[in-house]
Amino acid sequence: KGGTLEPFCTPSTLLPVDRLVEIIFKCTRALDYAFRAGIIHRDIKPANIFLCRYGEEFDFVKVLDFGIVKASQDAPEAAGGEALTGDNVVQGTPAFMAPEQVLSTAVDGRTDIYATGCVAYWLLTGQTVFNAPTPIGHLMHHTQTPPPAPSSRTELPIPPALDELVLACLA
């Protein structure tokens with residue numbers, strides 16, 4: 001049994017910072033495994049991060065839905081840069097998309113790091129990085145607007161180092 005991170009993304013259900021950091025760290029370990037296998041996920045979001053119990057370990061993290069993956073340029077099967085899903089098509093979830101993904105330019109593992117930063121931001125603040133009334137609005141912000149620090153969007157204390165780390169993911 002388990003569930004995704006979505007229920008923890010509201011101001012009334014935010015996770016304690018130490019638990020959030022551990023979950024995000026485990027997510028990055030899973031993504032590192034995918035990167036080493038030559039895979040870029042391209043749709044990291046709370047609904048695709050699943051927490052469950054695995055033996056005695058609570059908060060075992062599974063990254064789900066590899067439906068729009070792209071082979072990295074370094075992957076053996078990516079000779080010629082062939083994508084596992086279509087090129088020149090915007091695919092993903094607008095609130096969590098890296099600028100290069102929005103602009104349909106070359107993506108690599110940093111695309112997933114950016115999205116992981118967006119997830120951490122939401123888990124820290126209960127808000128997406130940018131407020132926009134439409135998906136296109138989110139896409140425009142990701143390409144044109146510097147992200148505000150998570151600490152500026154919540155009354156809860158966020159350690160400065162974590163604030164900086166999230167912003168580094170979004171750089």
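I began with the surroundings of Thr111 and found that, leaving aside its neighbours within four places in sequence, Thr111 is in contact with Ile40, Ala98, Glu100 and Gln101. I placed Thr111 in helix α3, and I noted that Thr111 counts as buried because its relative accessibility is 0%, where the cut-off for buried is under 20%.

I kept in mind that this is a predicted model, and so I looked up the confidence next. The protein chain averages a pLDDT of 86, with 86% of the residues scoring at least 70. By element, I found the highest confidence in helix α5 (residues 160–169), at 97, and the lowest in strand β5 (residues 70–71), at a mean of 66. Over residues 78–85 the pLDDT is below 50, although this stretch has 15 contacts in the model beyond near neighbours in sequence.

I then turned to helix α1 and checked its length: at 1.5 Å a residue, the 20 residues from 17–36 should span 28 Å, and the end C-alpha atoms are 28 Å apart, which agrees. I listed the buried residues of α1 as Leu20, Ile23, Ile24, Lys26, Cys27, Leu31 and Ala34. Seen down the axis of α1, these buried residues fall within an arc of 155 degrees, so they line one face of the helix. What covers them includes β2 (39–40), β3 (49–54), β4 (57–63) and α3 (109–125), whereas Asp18, Arg29, Tyr33 and Arg36 are exposed on the other side of α1.

Last, I looked just after α1, where Gly38 takes a positive phi of about 85 degrees.

Technical notes:
Residues are numbered from 1 along each chain as its sequence is written. This is a predicted model: local features need pLDDT of at least 70, side-chain atom pairs count only at pLDDT 80 or more; totals for chains, interfaces and linings use all residues. Side-chain values use heavy atoms; hydrogens and water are left out. Helices (H or I, at least four residues) and strands (E, at least two) are DSSP runs, numbered from the N terminus. The expected span of a helix is 1.5 Å times one less than its number of residues. Buried means under 20% relative accessible area, exposed over 50%, partly exposed in between (1.4 Å probe, protein chains only). The arc is that of the directions from the helix axis to the C-beta atoms. Contact means heavy atoms within 4.5 Å. pLDDT is the predictor's confidence in each residue, from 0 to 100.
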